Amino acid sequence: MHSDKLPTGQSPEEMDESSTSADVPADTDAASDTVLKSPYGETTAIARTSILAAARSAPTAGTPDAAAAPGAQTAELDPVPGSAASAPDESSSDGDRPIAEVAGAEAVGTTVSTADTPAEPQDASLADYPDPAAETESAPAPAASVASSPATASPDVAASAQRPRRRGRWALSAVAAVAVLLGVGGYAYAEHYADVAVPGTTVAGTDVSGMSREEIVDVIEAREQAATVTVTGDAEATATLTELGTTVDAEATADAAMRRGAGVVDRFKALLNRADIGVVTTTDDTVLEAYADGLVPDDQSKAQNASITLNAEATAFEVTASSEGLSIDTTDLANAAAEAATSLTSTSVDVSYENTLPAVSDDDAQAVADTANEWIAQDVVLATADGTESYTADAATKASWISVTENLDAAPTLSIDSDKVAQWVDAQATEANVTPVIGQRNVNSAGEVVATSVEAVAGQTVNNAEAITKAIAESLSSGEAYSGSFEMTTSEEQWEEREIADGAENLVYQAAEGEKWVDINLSSKTVTAYEGATVVRGPVYVVDGAPATPTVTGTFHVYLKYETQTMRGQNADGTDYETENVPWISYFYQGYALHGAPWRSSWGFSGSHGCLNMPVGEAKWFYDWSEIGTTVVSHY
């Protein structure tokens, strides 16, 4: 095998088989100063020879030293990157061994001597020549050296041999750096477009890339408001999309635009293609029809479909008659509105008046009204779970449940508004519900119930209102009556028990053990202080309210106290009174109080303005003993 780069001149293949190296002079075109180009720069030409030629010229035991051979010839070698030198014969001299070229090594002007012996034909067998590999096995090959050139021992040559390896490491580092940059850049890209529209996103031809959802909504709404339809022909006008019953859903459209970059993978896919997001729109034919009617002059007879409406009492439906006249076909208007809405640009349409018959006749509308009135005639009755109460929907209520939808080219359609039915059912359910009441009862020290002050009431709640609503709607839609009842969820009764003092069960107030309370007995004209069932003061005779200004009765609590006060009020005849320096006042209800009455000397009768007049000393004792919140029971 030989180098694939040969110096100018005759190649080994072009040599005559009979020619020898002695007959053919070395290629003189490749001068010693020839400059060769390599991947690593320009170098001075290096003598080159093929491996086979080097093997043939290698000295053997029967071959004289090539260095001493007269007329030794040289052949210039080009740098051969990555080629390895054959191991020379151990007996050959350093100067006769072929040079091992290392890719990227700096050029050295070294020549290799060849023996001045006849060259063998190119296709000759190598059997007569020593096998370098065999020689290598028999003896370790010494390091290749070039005796004829000191440059071979230079550190620059060794350094140049390491350059490819360094370049390889630099290349790997560069690839790694690029990978890191791509990873960081990719993450930054995906993060940036997490909340904005990805590249290549347009809405009705407007680029919204990089916009947030709110910004896209603003753009769409601004273009929607600017989009109009210019009407020409028999009628001339400029209509907005809203006037034509067309609505652009900017929110839904923006959502569709944002979905292109919903996922991380989606954001990278968006780099490969563009997408124009369709504008989401809705239409209302009734609004469009009304606008088209408005284009017909008021002094012209307009075509009018028959319709149905509630009567003045709102208890039945009646027909509004149809009429023949001029009209404008709404088809072209609808198409123009759709075009303007989907492109978010203005457009125009040519319209013309047509003398048309109504699409809905009086008979068509009457048939619908009859059906609606038949629904209203059906009874709707609800009953409580125990059957003690019932609720019936009147005609006006049932009529309010019926929804009428007008159509441009067909009779009106009817339906039951379930939401309105539910409102009525819920109102009856609220009335049927039973609010729970927590019972209160007194027990003695043995735990026996001695009195019940408040009876417990179990709560009841309607649990089938939704099912009733659905059943009513289905029955009326079928022209059938409905009768049903509520089903209730009943809670358990709850009680609060209060332990009272032994013996208190026979008193007007069943106090707990040690509880302070005041007994005002209007029959005996006395006031008594108790702690539990034990009397601690009294009974004390007092003056209660006169027949015209009686003392209040009931259970109350002390809420305000004064050591002394000027009391004012009205007499039974309406005149005012004022009493100064009234002592030891304990109010228990509005202006009613226990207080001292130093102006009195006798007790046990009715004659006050409603307060309990007491001896001053007794009034002070009750003032000092009672507390804010002390129970006061006034009774006959």
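Select valine 231 and valine 349: valine 231 stands opposite valine 349 in strand β15. Strands here are DSSP runs (E) of at least two residues, helices are DSSP runs (H or I) of at least four residues, and both are numbered from the N terminus. The model is predicted; local features need pLDDT of at least 70, side-chain atom pairs count only at pLDDT 80 or more, and totals for chains, interfaces and linings use all residues. Residues are numbered from 1 along each chain as its sequence is written, and side-chain values use heavy atoms, with hydrogens and water left out.

**Stop 1: strand β7 and its partners**

Now colour β15, residues 347–351. It runs parallel to β7, and 5 bridges join the two. Two strands pair if DSSP finds at least two bridges between them. Next, show β8. It runs antiparallel to β7, with 4 bridges. Here valine 231 stands opposite alanine 237. What do β7 and β8 form? They make a hairpin, with 3 residues between the strands.

**Stop 2: helix α7**

Select residues 285–294, which are helix α7. Which of its residues are buried? Leu288, Tyr291, Ala292 and Asp293 are. Buried means under 20% relative accessible area, exposed means over 50%, and partly exposed lies in between (1.4 Å probe, protein chains only). An α-helix has 3.6 residues a turn, so residues three or four places apart point the same way. The buried residues of α7 pack against β7, β8, β14 and α8. Look also at aspartate 284, which caps the N-terminal end of the helix. One of its side-chain oxygens lies 3.0 Å from the backbone nitrogen of threonine 286.

**Stop 3: salt bridges**

A search of the whole structure finds 10 salt bridges. Each is a side-chain nitrogen of Lys or Arg within 4 Å of a carboxyl oxygen of Asp or Glu. Select glutamate 251 and arginine 213: their closest N and O atoms are 2.5 Å apart. Glutamate 251 is in helix α5 and arginine 213 is in helix α4, 38 residues apart.

Move on to lysine 516 and glutamate 627, where the closest N and O atoms are 3.5 Å apart. This pair links strand β27 to the loop between α13 and β37, 111 residues apart. Lysine 516 is partly exposed, at 23% relative accessibility. Glutamate 627 is also partly exposed, at 46%.

**Stop 4: serine 608**

Select serine 608 in strand β35. Is it buried or exposed? Serine 608 counts as buried because its relative accessibility is 5%. A polar atom of its side chain lies 3.2 Å from the backbone nitrogen of glycine 545. Leaving aside neighbours within four places in sequence, its contacts (heavy atoms within 4.5 Å) include Val543, Thr549, Arg600 and Asn613.

**Stop 5: asparagine 444**

Go to the loop between β21 and β22 and pick asparagine 444. This residue is buried, with a relative accessible area of 12%. Not counting residues up to four places away in sequence, asparagine 444 touches Val450, Glu499, Ile500 and Asp502.

**Last stop: the whole chain**

Zoom out. The protein chain has 13 helices and 37 strands. Buried residues make up 35% of its 636 residues.

Conventions
A polar contact is a pair of N or O atoms within 3.5 Å; within protein, one must be able to donate a hydrogen and the other to accept it, and residues adjacent in sequence count only if both atoms are side-chain atoms.
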